[in-house]
Amino acid sequence: MPLDTSLVRKPFKVIGTRVRRPDGIDKVTGRAKYGADAFAPGQLVGLVLRSPHAHAKIKKIDISKAEKLAGVKAIVTAADLPDLSNGDRSLRDTLENCMARTKALYDGHAVAAVAAVDMHTAKQALKLIKVDYQVLPHVTDPDEALKPNAPLLHEDIFTEGIEPKPTKPSNFIKIAEYGHGDVEAGFKEADVIIEKSYKTEQTHQGYIEPHACLASVSPDGTAELWVTTQGPFVYRNTCAALLGMDINKLRVTASEIGGGFGGKTHVWAEPIALALSRKANRPVKVVMTRDEVFRATGPTSSASMDIKIGAKKDGTVTAAFAELRYQNGAFPFTWAEFGAMTAWACYDFKNVKSVSKDVVVNRPKCAAYRAPSAPIAAFAVESTMDQVAHAIGMDPIEFRIKNAAKEGTKSSYGPVYGPIGIGPTLEAAKNHPHMKAPLGPNQGRGMACGFWFNFGGQTCVDVNVTPDGSVTVAVGTVDVGGSRASLALAVAEELGVSYDQVRVIVADTSSLGHNDMTDGSRGTFSSSMAAVDATRKAVQTLRERAAKIWEIPVEEVEWMDGAARAVGEKHGNKAPLSVKEIAAQAANTGGPIAGHSEIVADGAGVSFATHICDAEVDPETGRTTIKRYTVIQDAGKAMHPSYVEGQYQGGAAQGIGWALNEEYVYGKDGRLQNAGFLDYRIPVCSDLPMIDTQILEIPNPNHPYGVRGVGETSIVPPLGAIANAISNAAGVRLNHIPMSPPRVLKALKAKKK
């Protein structure tokens, strides 16, 4: 990547300032357009019929009565979405998740869809569709799904990672191992060994905006899709493949996004909307209800884990082992493997091993939730780290400092670390006023560490200088957390102009080259790299135009403080030419002025955080109140500190909800019992303390400004920090997330007995 990454541009002029957010006015006044705000003349209402069974064979679907209902314009089933995956298992699973084929694999699995002139007619049509089901035994727990006699979801899953390859299908997708050294030998060296088991329940991202899209397919085969998404290019590629379209015939436009957190990285209803539109020859709008969002879109995994750590009395960890069993929902992926990779990443252990087991169950297909899988593994690891520290009589934070990873450490998942921030975050936590504050009755303090890889990926950016000297930037990464402001800051920094002169827009898929999904904390990291590259190319063009105006060699023109300057005493009489002055003459010096960049943004710096939590436990009810919370995290370079702090606080808030209340509750019939915010309780303002933040900046040497992604790491430590705080407050170890009042009360009563 031909970018100067020496970081010599510090101190920055606009990078690191707290400028106003470009989308603020539209969002607070209601002008911003979200997925459900799209409208096309003649649009139809699309609704989906979903299975009421956790596991059932679809014997027959009768749509004849629904087709005859006045106002019904199209009905689609799996027959209207033929399998065009051509051996691509992931694509085939996506197709089957969007519309059940031979079996319904979970409560809420789509089996048919209608498009009608209005909502009333569409609802009537759904009632007229008759599905003949053969109900099958189901399984929703990962440990139960691994048993030999468990109900089988798929006939073609043969466990990967086992030699010889099994000849009998099972629900066991894959086993994977990470680590180094000799774990058994390490445990023999230990003075203390702690071995514990943990369990977490399934949670949802809880975004306020439900999934929504408007699809319009023309008779000539071209199509448009307006959708709430974290990745319009990925949606385009996937939907085109599922419907047998050339990619260039589908144009996808991303709306503003009312929350995603990883949940809007997969297609759910979008291929259905396109299929309905194609069949009806009219635009079709599909907006999910909250019930559908919970029952039929991607929550996290639930998991069970076994953790074993051995240490010497001086605090040196001699060995660490984890077995992680994650359910993936009804379709295979590698969520447990992510947990195995991240579990021990904060530490420098000589002997370490993690084993992951991914499992399918009769639940919705799992999706990412910020740092997917990492919070689950960190809960188990960080809980055990505290217990080891207590067993050897060492302060938990000193124990972690002694064993923290550092530059040059071979990580537990393979790579050797460059400059990293886990040590500095721990030292900052040790010295933070929060760590020294007094505690009240029934209160306890806990801390935990967290890690996320971060990601770069394919990125494309256009920087266009307008005739009046202002700048428009077109990016393909969806803004889910403030990236438009950060990118405007990057362009303004490079050009030497004010932030207000730069406007950033998220372009549709027909306007730019491919951009990967906004996930993996890649939005600001990758797009700012491309924006810097594109702006530097635009600056080169500006220098060339100034040279042409002055009729001097371009080598004698430099760019400084937003203007071209002639270098050398012989040009001392030439006044600087500003962006505005050069742009005004563009038509006579070569035409429009722009910079373009297409990159694979390698070198995303890994990210670490340490959190501190004070919790108060009511011994009569088991209710936990979070009294104080502090997030300390390495941002590499905080391009917009307010947005960075917001990411830290948002991750912590979601982690608090995950730790204390949030869980999918399934009945014995395999049906979800709490598919709504009344019964699935996300935290509200009264549930949260003020969340303090401390930004550390250990520059990522692979980025021109030192940036690391920050959006995901902040959700990794909360489960462990809160578990440690509650356990210290209650005097009994909590090993099951969420630590809801009934579970805490049960543990307190067991302690008394």
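How many bridges join strand β20 to strand β21, and which way do the two run? Four bridges join β20 (residues 557-560) to β21 (residues 563-566), and the strands run antiparallel. Strands here are DSSP runs of E with at least two residues, and helices are runs of H or I with at least four, numbered from the N terminus; two strands pair if DSSP finds at least two bridges between them.

Before we go on, a word on the model: it is predicted, so local features need pLDDT of at least 70 and side-chain atom pairs count only at pLDDT 80 or more, while totals for chains, interfaces and linings use all residues. Residues are numbered from 1 along each chain as its sequence is written, and side-chain values use heavy atoms, with hydrogens and water left out.

Two residues lie between the strands, and D561 takes a positive phi near 55 degrees. On to β22 (residues 577-578): two bridges join this strand to β21, again antiparallel, and A563 stands opposite S578.

Now for the aromatic rings. The whole structure holds 19 aromatic pairs, counting rings of Phe, Tyr and Trp (its six-membered ring) with centres within 6.5 Å; planes under 30 degrees apart are stacked, over 60 edge-to-face and the rest tilted. Here are two of the pairs:

| Pair | Centre distance | Plane angle | Class |
|---|---|---|---|
| F294 and Y664 | 6.1 Å | 55 degrees | tilted |
| Y413 and F453 | 5.1 Å | 90 degrees | edge-to-face |

F294 lies in helix α9 and Y664 in the loop between α19 and β26, so this pair ties together parts that are 370 residues apart in sequence. F294 is buried at 1% relative accessibility, where buried means under 20% relative accessible area, exposed over 50% and partly exposed in between (1.4 Å probe, protein chains only). Y664 is buried too, at 2%. Y413 counts as buried at 14%, and F453 at 15%. Y413 and F453 also belong to one aromatic cluster with Y417, F451, W452 and F608.

Finally, take a look at helix α20 (residues 718-730). Why does its length fit? At 1.5 Å a residue, its 13 residues should span 18 Å, and its end C-alpha atoms are 18 Å apart, which agrees; the expected span is 1.5 Å times one less than the number of residues. The helix is mostly covered, with 12 of its 13 residues buried, among them P718, L719 and I722. Just after α20, G731 takes a positive phi of about 75 degrees.
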